[in-house]
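Good morning, and thank you for making time for this presentation. I shall ask you to look at one structure with me and to follow it from the overall layout down to single residues.

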Amino acid sequence: PAIIGGDFNAAAHAPGMAALAGPWRDVWRATHPTVEGFSHELTLFGRVARRRRIDYLFLRAGDPELRIAYCDYHTTAPPFADHRAVVGRFEAGAGE
């Protein structure tokens with residue numbers, strides 16, 4: 001099994017992210033197909049200026065060994081951070 005995760009600093013529609021769409025499955029999008037989520041929040045002068053989804057978890061597409069059980073963002077970012085962690089749980093067998 002193969003999982004990739006982290007801060008990609010790119011929106012889902014960016015060319016580099018689109019290149020991942022074939023061999024990799026966006027775990028958050030697979031579990032939230034219609035929700036507009038965000039993992040990064042830019043705050044200026046105490047107000048939210050922009051929210052974007054730029055942090056991802058990817059599972060190798062068609063992986064027979066893992067099934068996505070859960071994926072979401074922490075509800076708040078840790079102090080002094082502008083990103084919310086992407087949290088995923090996978091189960092063995094009966095893969096995607």
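I shall begin with the overall layout, then turn to the sheet, the cores, the salt bridges and a few loop residues.

Please keep in mind throughout that this is a predicted model. The protein holds two helices and seven strands. Read along the sequence, these elements follow the pattern β-α-β-α-β-β-β-β-β. The C-alpha trace spans about 50 × 25 × 25 Å along its principal axes. Of the 96 residues of the protein, 28% count as buried. As for contacts between residues at least 6 apart in sequence, 64% of them join residues at least 24 apart.

Let us turn to the sheet. In what order do its three strands lie? The order is β1-β5-β2, in an open sheet with antiparallel pairing. Strands β1, residues 3-7, and β2, residues 24-26, stand at the edges; each has a single partner strand, so one side of each is left without a neighbour in the sheet. From one strand to the next, the twist averages 25°. If we look at one of these pairings in detail, β2 and β5, the latter being residues 55-60, are joined in the antiparallel sense over three bridges. Within this region, Arg25 stands opposite Leu59 of β5.

Leu59 brings us to the nonpolar cores. As general background, nonpolar side chains in soluble globular proteins tend to be buried together. The largest nonpolar core here has nine residues in all: Val27, Trp28, Leu57, Leu59, Leu66, Ile68, Cys71, Tyr73 and Val86.

I come now to the charged residues. Side chains of opposite charge can pair when their charged atoms come close. How many salt bridges does the structure hold? There are two salt bridges.

One of them is formed by Asp26 and Arg53, whose closest N and O atoms are 2.7 Å apart. Asp26 lies in strand β2 and Arg53 in the loop between β4, residues 47-52, and β5, so the pair ties together parts that are 27 residues apart in sequence. Are these two residues buried or exposed? Both Asp26 and Arg53 are buried. For Asp26, the relative accessibility is 14%, and it therefore counts as buried, the limit being under 20%. Leaving aside residues up to four places away in sequence, Asp26 touches Arg53, Tyr56, Leu57 and Phe58.

Arg67 is partly exposed, with a relative accessible area of 32%. Glu91, at 33% relative accessibility, likewise counts as partly exposed.

Most residues other than glycine have a negative phi. Asn9 has a positive value, with phi near 50°. Asn9 is found in the loop between β1 and α1, the helix of residues 15-20. At 52% relative accessibility, Asn9 counts as exposed. Phe45 also has a positive phi, near 55°. Its place is in the loop between β3, residues 40-44, and β4. Phe45 is exposed, with a relative accessible area of 87%.

One more loop residue deserves a look. Pro64 lies in the loop between β5 and β6, and it is exposed, with a relative accessible area of 62%. How far apart are Pro64 and Gly93 in sequence and in space? They are 29 residues apart in sequence and 6.5 Å apart in space, C-alpha to C-alpha.

Thank you for your attention.

Key: Residues are numbered from 1 along each chain as its sequence is written. This is a predicted model: local features need pLDDT of at least 70, side-chain atom pairs count only at pLDDT 80 or more; totals for chains, interfaces and linings use all residues. Side-chain values use heavy atoms; hydrogens and water are left out. Two strands pair if DSSP finds at least two bridges between them. Helices (H or I, at least four residues) and strands (E, at least two) are DSSP runs, numbered from the N terminus. Axes are lines fitted to C-alpha atoms, for helices over the stretch in contact, and angles run from 0 to 180 degrees between N-to-C directions. A nonpolar core is a set of buried Ala, Val, Leu, Ile, Met, Phe, Trp, Tyr and Cys residues joined through side-chain atoms within 4.5 Å. Buried means under 20% relative accessible area, exposed over 50%, partly exposed in between (1.4 Å probe, protein chains only). A salt bridge is a side-chain nitrogen of Lys or Arg within 4 Å of a carboxyl oxygen of Asp or Glu. Contact means heavy atoms within 4.5 Å.
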